[in-house]
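Here are my notes from a first pass through this model. Have it open alongside as you read.

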Number of protein chains: 2
Amino acid sequence: MFSGLSAFPLTPMNESGIDEAAFVRLVKRLVDANVDSIGALGSTGSYAYLTRAERARVAQLAVEHAGNVPVMVGISALRTRDVLTLAEDAQKAGASAVLLAPMSYQKLSTEEVFELYKTVTSSLSVPLCVYDNPGTTHFEFSDELYGRIAQLPNVRSIKIPGVPTDPEAAKAHVARLRALIPSHVTLGVSGDALAAMGLNAGCEAWYSVIGGLFPRTALAITRAALAGDAQAATRLSERLQPLWALFGQHGGSLRVVAAAAELRGLVEHPTLPLPLKALDGAADRQRLAVLLDELELA
Amino acid sequence: MFSGLSAFPLTPMNESGIDEAAFVRLVKRLVDANVDSIGALGSTGSYAYLTRAERARVAQLAVEHAGNVPVMVGISALRTRDVLTLAEDAQKAGASAVLLAPMSYQKLSTEEVFELYKTVTSSLSVPLCVYDNPGTTHFEFSDELYGRIAQLPNVRSIKIPGVPTDPEAAKAHVARLRALIPSHVTLGVSGDALAAMGLNAGCEAWYSVIGGLFPRTALAITRAALAGDAQAATRLSERLQPLWALFGQHGGSLRVVAAAAELRGLVEHPTLPLPLKALDGAADRQRLAVLLDELELA
């Protein structure tokens, strides 16, 4: 399950709770499009803002409505104690895998992060994907740490935060990481703008934000790249450049994708937890609405 | 209560729960030393790693054992909903004030942070201290945002993350901030190594980590500075230079202060929540033990 398109849906919510019907709608879109896996409660699923009970419920709903599509569930938390509890909850809900980022408040040391993964992987009965997202965790993995963690039991994939923007440099980057980690551990790219580049450079998976809302669009890129048609993948990704630019302007993908889901009527407004706000200027939203139509995102 | 020495104790804990007896012991030390206020559940108090129930209990214990010393309670959380709940809990526990940082997972915008403070301050019945700590929140306040937030109801102090290391530059920095915020809002310095510099430059308070463990040492610096004896404050702070250097080497004060509390027998080992670890190399701990004696910290 750690190859191809892994689609990360939003968890639609307001200040009162989770919009379960809207979440199920998003999951069903992914199943209908036949994505390779679903990543529930990733950063796009706002896991960090939910209670334990809410996270357990979202995991349960995802598994229940995912049909034969395997579901990976985010179990990250600031405290090891809570990660262990969330891992149990995810496994009870029927998750096929779990996703763990070294979330931090106090900056973490390399040894603290290694011990976190060691403790958690030793108690799992499902595979784990290492989630490297320095933009939210403020932790930078070294290549050497990737290598050490990849050898822990149950580790099956590493979600890397992107690749260099030059194709040759991207290939060299992926080749260097590949040499450090065992072959049973896949590399998956995230940072949607760099996904085609990462897949063309040898990443086996795309852990995708837009794939969680527009699975057919993301699948077209993924399948072209994995079939060896690098040019087609690049062309399909470059077509979406105006969307990647919006992500860059608004501090990442989340606020833009949330607004896109609202504009398409797939979720209510608001859908993000305060203090976070989806893209909310009238001009910005109008521009996004036009883009969604022009780019025929689906 | 937003002037003088505000002492921030550790919340001693292990993987099973909070060591209530040790926490009460730390609070009583502060009361015996006659600090000006106590800051429970600050970053040093590991607020971010505790459940709502644990935080309510710590707030209650602090107030119960603080005698006439006013207690400020940290109410920060990633989600506005949770901050509001924690504010209620803190007020029910008898907190004299609350402390709020713009904690983040997704990077926050200026408007999102302003709205957070606006929402929270409008529902408070105790004063609030703005907690600016970019090292843990990854949010940078602009001077203009300080000015806007300082005008919200119930805001009475701003805990700034430090001052420039040059005395004249520090004075200019504090003077510039003072010109932006109303006179009923005090400025308090944090970052212990810069405290004497900040107080000498015109800060009214020191929000202090070492004050939470060695209140007499911190009070001597504070009282010298606030009595106008800048030279004495500087001399007392410079004597502690080896300690400030250790903070710098170990990613901040927390791991060092936790180890110091363990070495002095004030808390059990471990006292920090995993994945965090107190200073734990044998050589580092030995060096710290020698320092604690040489510097006569009390």
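The points below cover an annotated residue, the pocket, the cavities and the aromatic pairs.

1. One thing to keep in mind throughout: this is a predicted model.

2. Let's start with A:Thr44. Where does A:Thr44 lie in chain A? Look in the loop between β2 (37-40) and α2 (52-65).

3. Is A:Thr44 buried or exposed? Its relative accessibility is 7%, and the cut-off for buried is under 20%, so A:Thr44 counts as buried.

4. Now the largest pocket, with a volume of about 850 Å³. Its lining runs to 31 residues, and both chains supply some of those nearest the centre: A:Leu50 and A:Thr51 from chain A, with B:Leu50, B:Thr51 and B:Asp82 from chain B. Which elements give two or more residues to this lining? They are α2 and α3 (80-93) of chain A, along with α2 and α3 of chain B. By class, the pocket lining splits into 17 nonpolar, six polar and eight charged residues.

5. The largest cavity has a volume of about 70 Å³. Its lining draws on both chains: A:Leu78, A:Met103, A:Ser104, A:Tyr105, A:Thr136 and A:His138, plus B:Leu78, B:Met103, B:Ser104, B:Tyr105, B:Thr136 and B:His138. Six residues of that lining are nonpolar and six are polar, with no charged ones.

6. The second largest cavity holds about 50 Å³ of space. The residues lining this cavity are B:Leu41, B:Arg55, B:Ala56, B:Ala59, B:Val73, B:Gly74, B:Ile75, B:Leu86, B:Asp89 and B:Ala90. In chain B, α2 (52-65), β5 (71-74) and α3 (80-92) are the elements that give two or more residues to it. Sorted by class, the lining of the second largest cavity has seven nonpolar residues, one polar and two charged.

7. Aromatics next: over all chains, the structure holds 13 aromatic pairs. B:Phe8 and B:Tyr207 make an edge-to-face pair, 6.2 Å centre to centre with 85 degrees between the planes. This pair links distant parts of the chain, 199 residues apart: B:Phe8 is in the loop between β1 (4-7) and β2 (13-14) of chain B, and B:Tyr207 is in strand β10 (residues 205-208). B:Phe8 is buried at a relative accessible area of 4%, and B:Tyr207 counts as buried at 2% relative accessibility.

8. For another geometry, see B:Phe141 and B:Tyr146. Why is this pair stacked? The ring centres are 5.5 Å apart and the planes sit at 20 degrees; planes under 30 degrees apart count as stacked, so the pair qualifies. B:Phe141 counts as buried at 11% relative accessibility, as does B:Tyr146 at 6%.

9. Last, a look at chain A. Which residues form one aromatic cluster there? A:Tyr117, A:Phe139, A:Phe141 and A:Tyr146 do.

Definitions and conventions:
Residues are numbered from 1 along each chain as its sequence is written. Chains are lettered from A and ligands numbered from 1 in the order in which they are written. This is a predicted model: local features need pLDDT of at least 70, side-chain atom pairs count only at pLDDT 80 or more; totals for chains, interfaces and linings use all residues. Side-chain values use heavy atoms; hydrogens and water are left out. Helices (H or I, at least four residues) and strands (E, at least two) are DSSP runs, numbered from the N terminus. Buried means under 20% relative accessible area, exposed over 50%, partly exposed in between (1.4 Å probe, protein chains only). On a 1 Å grid over the protein atoms alone, a cavity is a set of points where a 1.4 Å probe fits but cannot get out, and a pocket is an open set with protein on both sides within 12 Å along at least five of seven lines; lining residues have an atom within 4 Å of a point. Grid points are joined across faces, edges and corners, and a volume is the space filled by probe spheres set on the points. Ala, Val, Leu, Ile, Met, Phe, Trp, Tyr, Cys and Pro count as nonpolar, Asp, Glu, Lys and Arg as charged, and the others, Gly among them, as polar. Rings of Phe, Tyr and Trp (its six-membered ring) pair if their centres lie within 6.5 Å; planes under 30 degrees apart count as stacked, over 60 as edge-to-face and the rest as tilted.
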